[in-house]
Amino acid sequence: MKIITRLLFLLYISPHLSAEISIQKDLEKGDSIPDFTIIDANGRIFHSRQTEQFPTVLVFFHTSCRDCQTELPIIQEIKETYPHPIRLICISRAEDDASIRSFWKQNRLSLRYSAQQDKRIFQLFARKTIPRIYIVSSQGIITSHYKGKVSKRKILRGLRKALNA
């Protein structure tokens, strides 16, 4: 029953996720994140506007991207050791679930992810370049943004900023 409900929900929202929606410029620090809804690999719904008491980390990736292959274990380590609650989801850029699941298993990752067959969600944020990490305050404002390789220290600094926003 849960699966049917989620499928109906996706059918309802899919017209709102038109492939023609894309940005003119990449989103940056200070911008509000766009309104979107996705379903993760476990069938749970993730909505960008969901009110939270803590920061959200959005990680855009593709498992064939060398920089992403380096960044994802760092994100895993942060998720496991960060002392404050955070909401984190990895969102693929045009990659199927089977490829991601295989990479996750091979690299012993347990990060929440959503496999996206196309670039629609990614294009709400940027035109190109992955990995791309957005740290978002509980008010939905981007407090830090990173593209390409980024150090664990910078990500942790970004999380502290989001907590204080």
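In which loop is Arg 108 found? I began with this residue in what is a predicted model, and I located Arg 108 in the loop between H3 and S5.

**Entry 1**

I looked up the phi angle of Arg 108 and noted a value near 55°, which is positive in a residue other than glycine. I then checked accessibility, and Arg 108 counts as exposed because its relative accessibility is 75%, where the cut-off for that class is over 50%.

I turned next to Thr 129, whose phi is near 80°, again a positive value in a residue other than glycine.

**Entry 1: Ser 114**

I followed the chain to strand S5 (residues 113-114), in which Ser 114 lies. The relative accessible area of Ser 114 is 0%, so I recorded the residue as buried.

What does the side chain of Ser 114 meet in polar contact? I noted a polar contact of 2.7 Å that joins this side chain to the side chain of Gln 116, and I found a polar atom of the Ser 114 side chain 2.9 Å from the backbone oxygen of Ile 39. Setting aside neighbours within four places in sequence, I listed the residues in contact with Ser 114 as Ile 38, Ile 39, Asp 40, Ile 89, Cys 90, Ile 91 and Ser 92.

**Entry 2: Asp 97**

I placed Asp 97 in helix H3 (residues 97-106), and its relative accessibility of 25% is why I count Asp 97 as partly exposed. Once residues up to four places away in sequence are left out, Asp 97 touches Ala 41, Tyr 113, Ala 115 and Gln 117. With Tyr 113 the meeting is a polar contact between side chains, at 2.7 Å. For Ala 41 I took the C-alpha separation from Asp 97, which is 7.4 Å for two residues 56 apart along the chain.

Asp 97 also forms a salt bridge with Arg 101 through their side chains, at 3.0 Å from N to O. I noted that both residues lie in helix H3, four residues apart, or about one turn of the helix. Arg 101, at 43% relative accessibility, counts as partly exposed.

**Entry 3: other salt bridges**

Asp 26 pairs with Arg 127, with the closest N and O atoms 3.3 Å apart. This pair links distant parts of the chain, since Asp 26 belongs to the loop between helix H1 (2-13) and strand S1 (37-39) and Arg 127 to the loop between S5 and S6, 101 residues apart. I checked both partners for accessibility: Asp 26 is buried, with a relative accessible area of 11%, whereas Arg 127 is exposed, with 52%. I also noted that Asp 26, Arg 127 and Arg 132 are linked in a network of salt bridges.

Finally, I looked up Arg 120, which forms a salt bridge with Asp 118 in which the closest N and O atoms are 2.9 Å apart. Arg 120 has a relative accessible area of 27% and is partly exposed, and Asp 118, at 28% relative accessibility, counts as partly exposed.

Methods:
Residues numbered from 1 in each chain as written. Predicted model: local features only at pLDDT ≥ 70, side-chain atom pairs only at ≥ 80, totals over all residues. Heavy atoms only, no water. Helix = DSSP H or I, 4+ residues; strand = E, 2+ residues; numbered from the N terminus. Buried < 20%, exposed > 50% of the residue type's maximum accessible area, 1.4 Å probe, protein only. Polar contact = N/O pair within 3.5 Å; in protein donor to acceptor, adjacent residues only side chain to side chain. Contact = heavy atoms within 4.5 Å. Salt bridge = Lys/Arg side-chain N within 4 Å of Asp/Glu carboxyl O.
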